[in-house]
Amino acid sequence: MILYKFKSLENFEQITDLLLTNRIYCPTPGQLNDPLEGVLGIDINRSLAGLTADNKWEKSFRFWDQLQKEINRYRICSFSKSPESVLMWSYYGAGHSGICLEIDIERYESNIHAVKYVSDLELVDRSSILGLLTHKLNAWSHEEEWRWVSDNNAQHKFLKADIKSVLVGAGIHQKYIRPVFEICALMDLQIDIVSFDSGGEFRRYPLKKGVRWDDIA
């Protein structure tokens with residue numbers, strides 16, 4: 001199974017580490033950009049019945065603190081189904097100046113989950129943290145996200161990646177061109193230049209494998 005990972009080049013030290021070690025950093029839910037990530041609710045009327053208003057707030061805050069600690073025991077590695085979204089290149093590919101990694105995740109398929117998009121997070125079964133971490137609001141559906149999820153925070157800070165090719169945005173900054181090409185040549189990684197035509201159609205231009213910047217500059 002092939003999935004995709006968009007990356008900005010702005011923190012190039014991280015990109016260098018990723019390409020040279022074939023490992024992807026896996027954040028905890030609390031480090032992700034969705035403020036409703038893994039939202040865990042409490043039924044105040046049922047769970048806190050008979051308490052004063054002040055005590056309800058105190059117990060609610062303790063509840064949230066405990067469950068946020070629980071949910072942040074998990075780590076997530078997010079992927080996209082396709083590299084062909086102009087929005088994804090804009091948001092996560094740094095305005096088409098970044099890269100997108102084409103990754104074979106066959107070894108992880110038993111633990112890869114397609115994110116389900118819903119109109120209201122209240123519809124999600126709250127008894128399963130995995131269920132909560134694999135549902136998002138419809139507003140995120142353009143991401144076509146797949147997730148690898150682990151409940152072992154300490155062990156799975158990084159996920160080994162089988163990178164098949166590196167898709168380079170047509171807007172890549174000049175200062176990153178040579179380093180990206182040199183690292184990909186060193187690691188024998190395929191490079192494809194990608195862009196979108198005037199109608200928004202995705203275009204992919206494969207280069208000869210192992211090519212260096214001096215070969216085409």
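Predicted model: local features only at pLDDT ≥ 70, side-chain atom pairs only at ≥ 80, totals over all residues.
The largest pocket has a volume of about 830 Å³. Its lining comprises 31 residues, of which Lys 5, Phe 6, Lys 7, Pro 27 and Tyr 92 are the closest to the pocket centre. By class, 14 of the lining residues are nonpolar, seven are polar and 10 are charged. At least two lining residues come from each of strand S1 (2-7), helix H1 (12-21), strand S2 (23-25), strand S3 (75-80) and strand S8 (145-150). The largest share, five residues, is supplied by S3.

Helix H1, one of the elements that contribute to this lining, has the buried residues Phe 12, Ile 15, Leu 18 and Leu 19. These residues lie on the same side of H1, because they cover an arc of only 115° around the axis. The cover over the buried residues of H1 includes S1 and S2, together with strand S4 (99-104), strand S10 (162-169) and helix H6 (174-186). After H1 comes Asn 22, which has a positive phi, near 55°.

With a cut-off of 2.5 Å between cysteine sulfur atoms, the number of disulfides is zero. For Cys 26, the closest cysteine sulfur is that of Cys 77, at 4.2 Å, and this is too far for a bond. Cys 26 counts as buried because its relative accessibility is 0%, under the 20% limit. Cys 100 is likewise buried, with a relative accessibility of 0%.

Definitions and conventions. Residues numbered from 1 in each chain as written. Heavy atoms only, no water. Buried < 20%, exposed > 50% of the residue type's maximum accessible area, 1.4 Å probe, protein only. 1 Å grid on protein atoms, 1.4 Å probe; cavity = no way out; pocket = protein on both sides within 12 Å on 5 of 7 lines; lining within 4 Å. Points joined across faces, edges and corners; volume = space filled by probe spheres on them. Helix = DSSP H or I, 4+ residues; strand = E, 2+ residues; numbered from the N terminus. Nonpolar A, V, L, I, M, F, W, Y, C, P; charged D, E, K, R; others polar. Arc of directions from axis to C-beta. Contact = heavy atoms within 4.5 Å.
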